Structures are given as C-alpha cells and as structure tokens.
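Have a look at the picture, and then we will go through it step by step.

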Amino acid sequence: MVLVFQLVLMVLKKYIMNTNKRTYKTIKWILRNHIKTKVKSLWTYEDDNFRMIYENYSGESRIYTAHQMLKLIEKLIEDEAKRETN
C-alpha cells in the first residue's frame, strides 16, 4: 500500500512539473478517499512535495490531517490564481 501511494505521489509530481496550472487532482482524490473511508492518515508538505507519514516521523515539517491538507491545497490554488492575475 505504501508503494502505491509513493507511486501516485511520484506521478503527481511529474504531472505538476509538466503543466503550468496546478490542479492537484490526484492528491485531492487520495485525500478525499481517505476521508470518505475514514483512513487516519497524516501528511507533510514541504518544498512542493506531499508525503504521507506511514511510520514514526522524526522530521521538522508540519504535520497535517487529510482535512487540513485539502484546505492547504485549496489555499495554494487560490494563491496561484491571485499571482496569475497580478
């Protein structure tokens, strides 16, 4: 299961790098699926990378729940749209 998430996140990163406008479609789908199926997952976001924590975490990055990560992504999209209009 961990390998599947790593693969999905790798594909997501390649997709993001190849497009000008980011939609975060895949990561949002994963997060919504976790919420819907009541998976208690924790996430980090640093240097434009999303990472699900699946073992003991000893890093310095802020930890987000799936709900919090969805809100963060919406804010990232909103901020990017504001930058494009300026």
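## A salt bridge to begin with

Glutamate 78 and lysine 82 join their side chains in a salt bridge, with N and O 3.5 Å apart. A salt bridge here is a side-chain nitrogen of Lys or Arg within 4 Å of a carboxyl oxygen of Asp or Glu. Both glutamate 78 and lysine 82 belong to helix H3, where they are 4 residues apart, about one turn of the helix. Glutamate 78 counts as partly exposed because its relative accessibility is 44%, and lysine 82 counts as partly exposed at 46%. As for the words, buried means under 20% relative accessible area, exposed means over 50%, and partly exposed lies in between (1.4 Å probe, protein chains only).

## Where the model comes from

This is a predicted model, in which local features need pLDDT of at least 70 and side-chain atom pairs count only at pLDDT 80 or more, while totals for chains, interfaces and linings use all residues. Residues are numbered from 1 along each chain as its sequence is written, and side-chain values use heavy atoms, leaving out hydrogens and water.

## The overall plan

How many helices and strands does the chain have? There are 3 helices and 3 strands, and from the N terminus on they follow the order α-α-β-β-β-α. These elements are DSSP runs numbered from the N terminus: helices (H or I) have at least four residues and strands (E) at least two.

Of the 86 residues in the chain, 30% are buried. The chain exposes about 6600 Å², and carbon and sulfur atoms supply 54% of that area. Accessible areas come from the Shrake-Rupley method with a 1.4 Å probe, and for residues only the protein chains shown count as cover. Among contacts (heavy atoms within 4.5 Å) with a separation of 6 or more, 48% are between residues 24 or more positions apart.

## How the strands pair

Strands E1 and E2 run antiparallel and are joined by 5 bridges. Two strands pair if DSSP finds at least two bridges between them. E1 and E2 form a hairpin with 2 residues between them, and aspartate 47 in the turn has a positive phi of about 55°. Asparagine 49 in E2 is the bridge partner of glutamate 46.

E1 also runs antiparallel to E3, with 3 bridges joining them. Here tryptophan 43 stands opposite tyrosine 64 in E3.

Leaving aside residues up to four places away in sequence, threonine 44 touches several residues, including Asn49, Phe50, Arg62, Ile63 and Met69.

## The nonpolar core

In soluble globular proteins, nonpolar side chains tend to be buried together. A nonpolar core is a set of buried Ala, Val, Leu, Ile, Met, Phe, Trp, Tyr and Cys residues joined through side-chain atoms within 4.5 Å. The largest one in this chain has 16 residues, and those touching the most other members are Ile27, Leu31, Trp43, Tyr45, Phe50, Met69 and Ile73. Helix H2 (25–36), strand E1 (42–46), strand E2 (49–53) and helix H3 (66–85) each supply at least two residues of this core. H3 gives the most, with 6 residues.

## A nonpolar patch outside

Which residues form a nonpolar patch on the surface? They are Leu42, Tyr57 and Ile63, with about 230 Å² of accessible area together. Patches are made of residues with over 30% relative accessible area and no salt bridge; like charges are joined within 9 Å, and nonpolar side chains (Val, Leu, Ile, Met, Phe, Trp, Tyr) within 5 Å. Isoleucine 63 sits in strand E3 (residues 63–65) and counts as partly exposed, at 37% relative accessibility.

## The other salt bridges

The count of salt bridges comes to 3. In one of them, lysine 28 pairs with glutamate 74, the closest N and O atoms being 3.4 Å apart. This pair links distant parts of the chain, with lysine 28 in helix H2 and glutamate 74 in helix H3, 46 residues apart. Lysine 28 is buried, with a relative accessible area of 13%, whereas glutamate 74 is partly exposed at 37%.

Lysine 75 and aspartate 79 also meet in a salt bridge (3.0 Å, N to O). Because they are 4 residues apart in helix H3, lysine 75 and aspartate 79 are separated by about one helical turn. Lysine 75 is partly exposed at 47% relative accessibility, and aspartate 79 is partly exposed with a relative accessible area of 23%.
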